[in-house]
Amino acid sequence: MSIRAVQHARDYLSETQNDDGGWGYKSSSQSVTEATAVAVIAQTSVASRESGINWLLRTQRTDGSWGMNAQDDSGNWLTAWAVLALLLQPTEKTRPAARQGLDWLLAMGVVRITDPTTATDIMGTLDINPALAGWPWQPDEAPFVEPTSLALLALVAAGEDTQPRLREAKAYLRDRVCRGGGWNVGNPYMFRKPLPATPYSTAVALLALRAAGADRVDPIVSAGITTLRQTLLSRLEASTLAWGCTALRVWRSEDESFRERLIQMQDNQGGWDRGPYATASAMIALQDTVPFNLGRS
Amino acid sequence: MRLALLAGIGGGLFAVDRATQPVGFLTWAGWLARGYRRRFLDSPSTVAVVSAPPDYGPSLAACLAEGWNLANAPDVRGRRVLIKPNLVDHIAGRPTTTDARLIRALVLLLRQRGAADVLVADAPAFRKDPLPILDATGFAEMLTTLNVPFTDLNHDDTIRQPLRGNFMPGVDHLHLPRTFVEADIVISVPKMKTHHWAGVSLSVKNMFGLLPGIKYGWPKNLLHQKGISASVAALYASFPFDFAIVDGVVGMEGDGPLFGDPIPTGVLVMGRDGVAVDAICANLMGFAPGEIAHISFMAWAGLGLADPARIDLRGEKLSGLRKAYAPPPQIPLG
């Protein structure tokens with residue numbers, strides 16, 4: 001069933017690829033880095049993938065970063081997605097571009113609060129350790145869970161496991177766990193009141209921790225998996241459900257009912273949620289191979 | 001003597017310029033001049049205040065229509081109208097979002113008044129996936145029933161738009177959602193609530209939800225880093241909405257914008273001038289507009305009126321509707 005769904009989705013992605021080689025969040029919307037990178041990772045047809053890679057190479061900024069789309073005038077968190085896509089398709093063209101992107105990510109500025117008074121205030125208000133920094137959405141801003149997780153995935157995929165920043169990112173993710181387990185954007189508390197975990201943030205954080213070598217018996221991981229299962233029960237966009245399924249598979253905690261639900265959401269054209277991004281995300285979730293080289297034990 | 005005079009003038013200008021950093025004297029003087037013109041030369045702003053059923057019951061539609069007429073709302077005939085509610089996040093038991101029943105009544109009113117196209121759009125601040133918010137708040141069912149599209153502005157196509165007024169030094173443009181840029185008429189429909197950083201979150205603060213997450217993240221970190229007053233003023237000066245309707249039927253007091261408590265207030269407040277609408281709302285919530293930094297700053301800079309004497313208030317008297325909202329806790333940062 002899933003093989004047929006994936007093949008149908010591959011055709012859909014070929015049909016919805018923009019003339020410039022990229023993909024948008026929705027069919028016929030402007031090409032964006034995230035959708036294009038995810039489509040490349042999702043093993044689209046060879047020709048489509050080649051065009052997607054070329055779009056990524058063309059839209060890389062001279063400083064090595066990527067913005068949200070070709071019109072963006074500054075690099076940001078999406079650099080991690082582009083780097084991941086290029087690292088997973090290693091060629092003579094993609095390697096130097098990925099390296100440049102990695103260097104930009106490693107140098108990406110982030111707000112780190114070290115002043116003791118301010119740090120104490122923030123700890124009292126938000127219950128987080130503001131001296132710990134992961135990665136921000138945009139340079140020189142505060143760190144958040146999703147950009148940190150993606151940067152971590154990219155660094156591990158590049159074999160940069162010993163980077164000090166990677167170790168700190170792992171500590172950052174552990175610090176930002178919501179009460180009861182799982183993650184949200186990166187604010188587990190607001191004035192000491194707990195904010196709920198959300199499925200997408202939990203999924204990407206779990207993927208990142210798997211990449212970084214965390215263990216299944218780690219209480220933060222097991223609580224995250226439990227929370228992810230609970231939050232996936234809500235009605236969700238296909239992309240969220242897909243990343244949830246992928247994270248569960250990577251941690252060998254697959255749930256066939258979630259996969260079945262995802263397959264049921266595929267439309268007659270072969271897509272999910274009328275868009276390439278959701279479709280590529282679903283393909284990754286339903287394929288036999290585990291993404292980001294996370295299949296190793 | 002002449003040299004001393006010149007040196008004195010030069011020194012004075014230098015001191016003024018230093019005192020008005022980071023924007024500089026010319027920008028500061030421009031805001032000041034516009035503020036004087038707006039307060040003393042331009043015509044008053046009209047704001048309508050109407051009572052509304054505390055349970056968002058059937059008479060809500062008539063109340064909304066009454067306010068719409070009183071407030072000289074824009075002519076929507078043949079226009080593409082974007083409704084921007086506040087869908088910041090859903091916290092069970094907390095009135096964090098604009099009520100779906102008000103949006104329903106507004107959609108029907110707009111259609112009745114001849115709008116060619118009505119859509120609802122927002123970029124939730126804390127969630128990448130808006131569906132759980134739409135489901136939990138009743139928006140999903142309402143939008144489906146009325147066949148109204150919802151646009152997730154976090155993932156929309158974007159268009160680079162220049163900022164006016166130099167309110168956010170160092171930022172001269174933003175990338176905004178195409179759906180917003182291409183709408184003919186934009187209506188800001190926030191919840192009446194307190195906010196721990198902004199004091200209150202009403203029609204002008206509601207426009208934080210325009211910024212796409214794919215560029216600015218979840219929540220919109222750039223705006224918080226640049227400061228609430230500066231960011232709200234920059235957004236309103238550059239991309240003013242056409243009309244505001246504040247959902248004060250059940251407001252939120254205390255620990256807003258997420259963990260505050262419901263406070264039945266039974267009121268809708270509307271008008272074209274977002275600053276005036278918000279100043280009246282702050283008054284209804286028991287706050288002086290001067291207590292709310294971004295409202296007083298925007299009024300001072302001429303982006304709208306906050307002085308009740310310069311606001312043409314229509315509908316109900318404020319005294320009969322005013323509630324003492326518990327103020328939000330203040331974040332002790334920096």
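**Entry 1: B:Asp184 and B:Arg79**

I looked up the pair B:Asp184 and B:Arg79 and found their side chains joined in a salt bridge, 4.0 Å from N to O. I call a salt bridge any side-chain nitrogen of Lys or Arg within 4 Å of a carboxyl oxygen of Asp or Glu. B:Asp184 sits in the loop between helix H7 (178–181) and strand E7 (185–189) of chain B, and B:Arg79 in the loop between helix H3 (60–70) and strand E2 (80–85), so the pair ties together parts 105 residues apart in sequence. Helices (H or I, at least four residues) and strands (E, at least two) are DSSP runs, numbered from the N terminus. B:Asp184 is partly exposed at 36% relative accessibility, and B:Arg79 is partly exposed at 34%. My classes are buried for under 20% relative accessible area, exposed for over 50% and partly exposed in between, with a 1.4 Å probe and protein chains only.

This is a predicted model: local features need pLDDT of at least 70, side-chain atom pairs count only at pLDDT 80 or more, and totals for chains, interfaces and linings use all residues. Residues are numbered from 1 along each chain as its sequence is written, chains are lettered from A and ligands numbered from 1 in the order in which they are written, and side-chain values use heavy atoms, with hydrogens and water left out.

**Entry 2: other salt bridges**

I noted 28 salt bridges over all chains. A:Asp175 and A:Arg176 form one of them, at 2.5 Å from N to O. A:Asp175 is partly exposed at 24% relative accessibility, whereas A:Arg176 is buried at 3%. B:Arg314 and B:Asp312 meet in another, at 2.8 Å. B:Arg314 is partly exposed at 28%, and B:Asp312 is partly exposed at 28%. I also found A:Glu34, A:Glu146 and B:Lys128 linked in a network of salt bridges.

**Entry 3: the interface of chains A and B**

I checked contacts (heavy atoms within 4.5 Å) and found 37 residues of chain B touching 39 residues of chain A. The two chains bury about 3300 Å² between them, 57% of it on carbon and sulfur atoms. Buried area here is the accessible area (1.4 Å probe) that two parts lose on being put together, summed over both. B:Lys128, B:Ile214 and B:Lys215 supply 19% of what chain B buries against chain A, more than any other three residues.

Across this interface I have 6 salt bridges. One residue with such a pairing is B:Lys215, which joins A:Asp72 with the closest N and O atoms 2.6 Å apart. On the side of chain B that touches chain A, H8(B) gives the most, with 4 residues.

**Entry 4: nonpolar cores**

I take a nonpolar core as a set of buried Ala, Val, Leu, Ile, Met, Phe, Trp, Tyr and Cys residues joined through side-chain atoms within 4.5 Å. The largest has 106 residues, and A:Trp81 and A:Trp243 are among those that touch the most other members. Helix H9 (residues 199–211) of chain A gives this core its largest share, 9 residues. Leaving aside neighbours within four places in sequence, A:Trp81 contacts residues including A:Glu34, A:Trp243 and A:Phe292. A second, separate core of 67 residues includes B:Val49 and B:Ile280.

**Entry 5: helix H11 of chain B**

How many residues of H11(B) are buried? I count 11 of its 11 residues (274–284) as buried. B:Asp273 caps the N-terminal end, with a side-chain oxygen 2.9 Å from the backbone nitrogen of B:Val275. After the helix comes B:Gly286, whose phi is positive, near 95°.

I placed A:Gln60 in the loop between helix H3 (46–59) and helix H4 (79–87) of chain A. A:Gln60 is buried at 14% relative accessible area. Its side chain reaches the backbone oxygen of A:Gly64 at 2.9 Å, and that of A:Ala97 at 2.9 Å.

I placed A:Arg259 in helix H12 (residues 256–264) of chain A. A:Arg259 is buried, at 15%.

Key: Polar contact = N/O pair within 3.5 Å; in protein donor to acceptor, adjacent residues only side chain to side chain.
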